[in-house]
Each structure stands twice: as structure tokens, then as C-alpha cells.
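Here is a short briefing on a predicted model. It covers salt bridges, helix packing and a surface patch.

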Amino acid sequence: MEFVKFSIYALILACTTGIGFLVSQKYTKRESELKDFKSAFNLIKTKIRYTYEPLQEIFDDIAKNYNSSIAYVFKQASNNMQTQNATDGWNKAVNEAVISITKEDKRVVCSFGKLLGQTDSQGQINEIDLSLSLLDEQIEKAKIDKQKNVKLYKSLGVITGIAIVIVLF
Amino acid sequence: MEIDLLFKIAGIGIIVAVLHQILSKAGREDQAMMVTLAGVVIVLTVVIKEISSLFSAVRTVFNL
């Protein structure tokens, strides 16, 4: 009986610690995903400028080169482009993807697709530059959020677990 | 009254104090306030039985 009681306490503590850790990880992931998007956009900009590859091929290429969760977005966008235009396909892929970035970030990432495949290469490059500068702002915000919240949620998880165990004791 | 109860209340007090510090450091003063209030309520529910037994003891001692 005693053993069961203590194992349940240990389970509660492990659960709350895990929840705290998972929530704090979301902030870390958000920053790294935004950074991945930034480098991917830079790659796309270069490819549009110098290689004139079709967008679908560029996106497939990026999906292959990146192994994080953003690869899935590019793969999905490339699939969507078979039936839709580039802007709609990109927006759909970004909005449906299960990634850690917030709604505001998604809006900025979506703005990247606004002129995709619709104007000449110079216009597209300008549009990508604009969304890159917006993305930089979001990365700054994500950094501040991360600094503020990662430690908080980690310790909050552990301490809440200890509090529940003490109350139940 | 068992000594366990005292330790329990002391433990809750320490935990609430630490939580208050962490939350107010992170700039969430209102949530820190709520945590403190919740701690007070939890401790009150724990000790309410003892308080009621104290009152009844006082009553019997003074024949009220």
C-alpha cells in the first residue's frame, strides 16, 4: 500500500515536470523554426535569382535538405502547387502545418508567398526581402519570449508537482 | 494534533513563496498574487478542522 502511494506521488511529479518541460520546449522550437524559415527563404531567394528553377523543384529541394519540422511545410506546399497556384498552396501548407510558431509568425511566413510565382524574379526577390525583415522582427520577439518563459515553465512544472504531492501527503 | 500537519503547512508555505518569487521575476505579478491566495485557501482548508475543534474546546472550558 505504501509503495503504491509513493509510486503515484512519483508519477504526479514526473508528469508535471514533463508538462513544464514540454511547454518550455515550445518556445525553443519556435525560435529555431523561425531561423530555419529565414535560411530557407534566403536559399529560395538565391535560387530565384541565379538558377531559375521551377518553384516546385526548389521547394522539394528544401524539403530534402532540412530535417526539421519545416521540411514538412515545404513538402506540403510543393504538393499543393500541383493543383493550386503558389500563393494558395503555400498559405494552405503553412496554416495546416503542426509547428510551434504562433499565429503572428504564420502571418509573416504567409506574406512570403504573396507574390510567389506571380511577378518577375526581381519583384519576387523584393517581396522575399520584405518578409525576411519581418521575420527578423519575429525572431527578436521569439528570443525575448524564450528568455522570459523557458526557465519559468521548467521550474513551474517541478514546483507545482511538489506542491500537489505535499497537499496529498 | 499530529506534527505532520505542521510540516505540511510549512511545506506549502515554502512552495508558495518560491512560486511567488518565480512568477514575479517573470513579470507576472497578478498570477503571483493568485498563487499566494490559492496557497492561503489550501492551508485554510487543511487547518479548518483544527480551528473548529479549538472553538469547541473553548466553549466547553468556559461553559458557553
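Which side chains meet in a salt bridge at 2.5 Å, N to O? Those of Asp61(A) and Lys47(A) do. A salt bridge here is a side-chain nitrogen of Lys or Arg within 4 Å of a carboxyl oxygen of Asp or Glu. Asp61(A) lies in helix α2 (residues 55-65) of chain A and Lys47(A) in helix α1 of chain A, so the pair ties together parts that are 14 residues apart in sequence. Helices (H or I, at least four residues) are DSSP runs, numbered from the N terminus.

This is a predicted model: local features need pLDDT of at least 70, side-chain atom pairs count only at pLDDT 80 or more, and totals for chains, interfaces and linings use all residues. Residues are numbered from 1 along each chain as its sequence is written, chains are lettered from A and ligands numbered from 1 in the order in which they are written, and side-chain values use heavy atoms, with hydrogens and water left out.

**Salt bridges**
- Over all chains, the structure holds ten salt bridges.
- Asp61(A) is partly exposed at 26% relative accessible area, whereas Lys47(A) is buried at 16%. Buried means under 20%, exposed over 50%, partly exposed in between (1.4 Å probe, protein chains only).
- Lys35(A) pairs with Glu31(A), with the closest N and O atoms 3.1 Å apart. The two are four residues apart in helix α1 of chain A, about one helical turn. Lys35(A) is partly exposed at 41%; Glu31(A) is buried at 6%.
- Lys141(A) and Glu104(A) form a salt bridge at 2.9 Å, N to O. This pair links helix α6 of chain A to helix α5 (residues 103-111) of chain A, 37 residues apart.
- Shared partners join Arg30(A), Asp105(A) and Asp145(A) into one salt-bridge network.

**Helix packing and a buried Asn**
- The axes of α1 (residues 2-50) and α3 (residues 70-80) of chain A come within 10 Å and cross at roughly 45°. That makes α1(A) oblique to α3(A).
- Residues of α1(A), including Phe37(A) and Phe41(A), meet Ile70(A), Val73(A) and Phe74(A) in α3(A).
- Asn149(A), in helix α6 (residues 121-168) of chain A, is buried at 5%. Asn149(A) touches Tyr27(A) and Arg28(B), not counting residues up to four places away in sequence. Contact means heavy atoms within 4.5 Å.

**Surface of chain B**
- Phe62(B) lies in helix α2 (residues 29-62) of chain B. Phe62(B) is exposed, at 60%.
- A nonpolar surface patch includes Phe62(B), Phe55(B) and Leu54(B), with about 930 Å² of accessible area for the whole patch. Patch residues have over 30% relative accessible area and no salt bridge, with nonpolar side chains (Val, Leu, Ile, Met, Phe, Trp, Tyr) joined within 5 Å.

Note on methods: Patches are made of residues with over 30% relative accessible area and no salt bridge: like charges are joined within 9 Å, nonpolar side chains (Val, Leu, Ile, Met, Phe, Trp, Tyr) within 5 Å. Accessible areas come from the Shrake-Rupley method with a 1.4 Å probe; for residues, only the protein chains shown count as cover. Axes are lines fitted to C-alpha atoms, for helices over the stretch in contact, and angles run from 0 to 180 degrees between N-to-C directions. Angles under 35 degrees count as roughly parallel, over 145 as roughly antiparallel, 65 to 115 as roughly perpendicular and the rest as oblique.
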